[in-house]
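My entries follow the order in which I looked.

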2 protein chains.
Amino acid sequence: MRAVILRLILNFLKIVSMALKTKSQFQNFLKQQGLKWTPERERVFQEASVMEGHFEAEELAYRLRKKGSRISKATVYRTLPLLVRTGLIKDVIHGEKHQHYEHIHEENLHDHLICLKCGKIVEFEEESLTKIERKVCAKYQFQPQKILIEIFGCCRECR
Amino acid sequence: MRAVILRLILNFLKIVSMALKTKSQFQNFLKQQGLKWTPERERVFQEASVMEGHFEAEELAYRLRKKGSRISKATVYRTLPLLVRTGLIKDVIHGEKHQHYEHIHEENLHDHLICLKCGKIVEFEEESLTKIERKVCAKYQFQPQKILIEIFGCCRECR
DNA sequence: TTTTTTGCAAATGGTTTGCATCCTT
DNA sequence: AAGGATGCAAACCATTTGCAAAAAA
């Protein structure tokens, strides 16, 4: 019992400290670039942190509005690339009409299976892919910034 | 000398027969779908066959116009997806603003290194990737239709 | 005070679509 | 004759941008 509570507390602390860490990363990035820390950017950052899985600019803007933050879509569209440049989120699923973003968790690199029928997106992890990627980049002396692996097709349920 | 000429002729025949083959593939596809074979579709198909490397709808339309074919952009945009569905071309480079297409050569599956500085696209082939893809799809019982592997970054020359 | 940011509305630009007309089958 | 296909121009629609007012440094 004590152990369970302890674990909960530790977990909570971990989440809080992570949030603080990424927030100051963002602040540092802005300062270093001569950009300003504003309430709007803080709100966008906050909401992006809370989004689960993939999300798009439009949806984030909508949620902010629903929560009473009167932040324009333009600002959202202007802030998300900053978060990308800070390295806190990345954009994925380039095939769709909208831009999709997702959080970057260093421990959890994954790629996507995308069902063309139902639109479901399954994430998968494949350690050996990373090795091959590195090999290819070395061969061409190419410095990778972002690697996109997406398999489009038909998922088990839709068959 | 005779051998060289012979090889040239054989090569020429190969190209011609390939062209005829893909053309009839397209015709069969249309018939089978209850769609019609038209001069416009033939011209788009022809021009797409001649395009080298990646190309986009806009460019193909421009070339047709330059060659005197008065084919509307709308028709080009409507025809390219048919060629994709026929399996003669596929779309790649989803990250850019425009849709990019390229030919499908069964013998030559490749992926892309895309330089974010100069925009150069280097194709690479990596046999072992295909194996892993198959493994992942098997694991999730996912039926792949299109696999997209793109590495964005900075090429040797731009560093 | 200087420089950046914001919100609004308008612009962008590749792609899609409605519709009358034209063409295949 | 009947159902598609075409061309044109208008519509889409996510994203970007110009600009004046507001806020951060």
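I began with the crossing of helix 2 of chain A and helix 4 of chain A, which is right-handed (the near helix is turned clockwise from the far one by less than a right angle). I noted that the model is predicted, with local features needing pLDDT of at least 70, side-chain atom pairs counting only at pLDDT 80 or more, and totals for chains, interfaces and linings using all residues. I also noted that residues are numbered from 1 along each chain as its sequence is written, that chains are lettered from A and ligands numbered from 1 in the order in which they are written, and that side-chain values use heavy atoms, leaving out hydrogens and water.

Helix 2 of chain A covers residues 39–50, and its axis lies 10 Å from that of helix 4 of chain A at an angle of about 65°. The two are therefore roughly perpendicular (65 to 115 degrees). From helix 2 of chain A, the contact (heavy atoms within 4.5 Å) is made by A:E40, A:R41, A:V44, A:F45 and A:A48, while helix 4 of chain A brings A:T75, A:V76, A:T79, A:L80, A:L82 and A:L83. I sorted the residues of this contact of helix 2 with helix 4 of chain A into seven nonpolar, two polar and two charged.

**Entry on helix 3 and helix 4.** Next I looked up helix 3 (residues 57–66) and helix 4 (residues 73–86) of chain A, which pack at an angle of about 125° with their axes 9 Å apart. Helix 3 of chain A and helix 4 of chain A are therefore oblique to each other, and their crossing is right-handed. On the side of helix 3 of chain A I found A:A57, A:E58, A:L60, A:A61, A:L64 and A:R65, which meet A:K73, A:V76, A:Y77 and A:L80 in helix 4 of chain A. In this contact of helix 3 with helix 4 of chain A, seven residues are nonpolar, none is polar and three are charged.

**Entry on the two chains.** How many residues of chain A are in contact with chain B? I found 36, in contact with 35 residues of chain B. Between chain A and chain B about 3,300 Å² is buried, and carbon and sulfur atoms give 65% of this (accessible area, with a 1.4 Å probe, that two parts lose on being put together, summed over both). A:F142, A:I151 and A:F152 supply 18% of the area that chain A buries against chain B, more than any other three residues.

Finally, I noted that 97% of the interface residues of chain A are also interface residues in chain B, so the copies meet through the same surface.

How values were computed: Axes fitted to C-alpha atoms, helices over the stretch in contact; angles between N-to-C directions. Helix = DSSP H or I, 4+ residues; strand = E, 2+ residues; numbered from the N terminus. Parallel < 35°, antiparallel > 145°, perpendicular 65-115°, else oblique. Nonpolar A, V, L, I, M, F, W, Y, C, P; charged D, E, K, R; others polar.
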